[in-house]
Amino acid sequence: MDATFKPRDTRETCEAVKWAAAEEQPLEIIGTGSKRAMGRPVQTAHVLDLSALSGVVSYEPEELVLTLKAGTPIAEVEALVASRNQELSFEPMDYGPLLGQPEAQGTIGGVLATNLAGPRRIKAGAARDHILGMEAVSGRGEVFNSGGKVVKNVTGYDLPRGLCGSWGTLGVATTVTLKVNPRSETSSTLVLSGLGNADAIKAMCQAMGSSAEVSGAAHLPNGIDGGGAQTLLRLEGFATSVDYRFGALAKLLAGFGKAERVDEADSSTLWRSVRDCGPLVGGAEPVWRISVAPTIGAQLVERLRNQFVVDAYFDWSGGLVWVKNLDGGTHADEIRSTIAELGGGHATLVRADAATRTSADVFQPQAAPLAALAKRLKHQFDPHGVLNPGRMVSGV
């Protein structure tokens with residue numbers, strides 16, 4: 001009989017996983033299920049639902065440290081730290097709108113399992129760069145703790161960072177400790193209009209190489225509302241510093257056109273759309289998330305457009321390319337071969353129907369030595385293969 005386990009604490013989580021390991025019954029690990037339509041479909045009869053594993057364990061604003069249960073909604077986490085004028089600087093993306101689901105449904109455990117990060121990653125790093133400690137349950141049903149509540153606490157293997165991005169295939173996080181940071185006093189966005197992709201990436205790279213401390217660099221070929229190309233450069237900090245840096249950056253980029261300024265409220269709306277893939281929301285066509293060297297982002301899109309019809313925009317100064325295949329085809333081989341021809345990168349199929357995600361390589365295929373290492377790591381943490389089997393790679 002199919003079963004759904006809904007543990008309320010680490011002990012109950014451990015018991016559920018021990019049962020699954022003893023009976024060799026695979027489990028699908030979910031929080032609220034907001035990312036269930038991502039990755040390869042998991043073929044399991046049983047579900048481990050962590051949504052009841054929710055709440056703040058401790059929050060020390062003066063120490064910039066927050067400890068949470070893994071099923072805590074990310075919206076609650078962001079509201080909590082904002083109430084103390086702090087933030088999660090890695091700016092986690094909300095995949096809900098792109099996947100045709102309500103927004104703000106994800107959990108902190110899901111954010112870490114998928115190692116999410118938004119536009120500020122180019123300055124602040126990804127989710128794994130902000131995790132300090134973790135309590136988790138291995139596929140053996142054994143509880144382990146790693147890390148702590150200070151930044152320099154790692155001796156031996158840094159397991160919390162290692163589990164970030166493993167999509168629940170190595171362990172079930174029950175409690176996590178994060179580093180938070182003070183929020184900026186204000187933010188502003190410098191906008192250059194009408195640039196082609198290649199010139200936009202040149203402008204973004206020049207800005208990133210300057211002393212302007214840019215915390216977001218994106219190019220929207222169709223603009224935020226279909227009104228024409230916009231290149232966005234975000235500045236954050238004290239108001240006087242933002243004003244000075246805006247002037248200096250506008251002068252530096254004068255050769256790319258006149259700079260316009262978008263102040264804090266509208267700037268936040270712009271970057272939320274960039275973060276949550278707003279330009280490509282809607283429809284059901286396949287959407288790819290492609291990571292390449294910023295200097296080849298424009299070439300990649302141009303070559304793909306010579307093969308099939310796409311819509312695209314650029315984040316991370318051109319290093320993150322979001323691509324929607326408007327003809328409805330997956331085109332995995334064409335995309336990955338084009339990336340390889342241009343020097344390499346990673347392509348992840350973010351949105352597609354279940355049949356496509358079952359048959360295609362959703363994640364970038366690994367070279368044989370790395371694939372063998374990943375398989376050994378899976379066996380060490382989950383020897384019975386009960387945690388999200390096949391979510392990332394078929395048979396693993």
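On a 1 Å grid over the protein atoms alone, a cavity is a set of points where a 1.4 Å probe fits but cannot get out, whereas a pocket is an open set with protein on both sides within 12 Å along at least five of seven lines; lining residues have an atom within 4 Å of a point. Grid points are joined across faces, edges and corners, and a volume is the space filled by probe spheres set on the points.

Some ground rules before the tour. This is a predicted model, with local features needing pLDDT of at least 70 and side-chain atom pairs counting only at pLDDT 80 or more, while totals for chains, interfaces and linings use all residues. Residues are numbered from 1 along each chain as its sequence is written, and side-chain values use heavy atoms, with hydrogens and water left out.

**Spaces inside and out**

| Space | Volume | Lining by class |
|---|---|---|
| Largest cavity | about 420 Å³ | twelve nonpolar, 14 polar, four charged residues |
| Second largest cavity | about 50 Å³ | seven nonpolar, one polar, three charged residues |
| Second largest pocket | about 870 Å³ | twelve nonpolar, ten polar, 15 charged residues |

The largest cavity, at about 420 Å³, is lined by 30 residues, and the closest to its centre are Ile29, Gly31, Gly109, Gly110 and Ala113. Strand S2 (27–30), helix H3 (108–113) and S9 each bring at least two residues to that lining. Helices (H or I, at least four residues) and strands (E, at least two) are DSSP runs, numbered from the N terminus.

In the second largest cavity, the lining residues include Met93, Arg275, Arg289, Trp316 and Trp322. H8 and strand S17 (320–325) each give at least two residues to the lining.

The second largest pocket has a volume of about 870 Å³. Of its 37 lining residues, Glu78, Glu91, Arg183, Arg272 and Arg275 are the closest to the centre. Arg275 also turns up in the lining of the second largest cavity. H8 has the largest share, with six residues.

Two strands pair if DSSP finds at least two bridges between them. Five strands make an open antiparallel sheet in the order S4-S5-S9-S7-S8. Strand S4 (56–60) and strand S8 (143–147) sit at the edges with a single partner strand each, so one side of each has no neighbour in the sheet. On average, neighbouring strands here are turned by 15 degrees against each other, direction ignored. Axes are lines fitted to C-alpha atoms, for helices over the stretch in contact, and angles run from 0 to 180 degrees between N-to-C directions.

Within this sheet, strand S5 (residues 65–69) and strand S9 (residues 171–179) run antiparallel, joined by five bridges. Lys69 faces Thr175 in S9. H2 packs on the sheet, touching S4 and S5, and its direction makes about 155 degrees with that of S5.

The other sheet is an open, parallel one of three strands, ordered S1-S3-S2. Its edge strands are strand S1 (3–5) and S2, each pairing on one side only. S1 pairs with strand S3 (residues 46–49) over three bridges, and Ala3 stands opposite His46 in S3.

Helix H1 (residues 10–23) lies across strand S7 (131–138), S8 and S9, at about 45 degrees to S7. H1 also lies across S1, S2 and S3, running at about 160 degrees to S3.

**A buried strand and a pair of buried residues**

Is strand S12 (residues 214–220) mostly covered or mostly open? Mostly covered: seven of its seven residues are buried. Buried means under 20% relative accessible area, exposed over 50%, and partly exposed in between (1.4 Å probe, protein chains only). S12 pairs with S13 in the antiparallel sense over six bridges, and Leu220 stands opposite Gln230 in S13.

Asn197, in helix H6 (residues 197–208), counts as buried because its relative accessibility is 15%. Contact means heavy atoms within 4.5 Å. Not counting residues up to four places away in sequence, Asn197 touches His219, Pro221, Ala298, Val301, Arg305 and Phe314.

Ala298 belongs to helix H9 (residues 297–305), and counts as buried at 12% relative accessibility. Neighbours within four places in sequence aside, Ala298 is in contact with Asn197, Ala198, Ile201 and Phe314.

Notes: Nonpolar A, V, L, I, M, F, W, Y, C, P; charged D, E, K, R; others polar.
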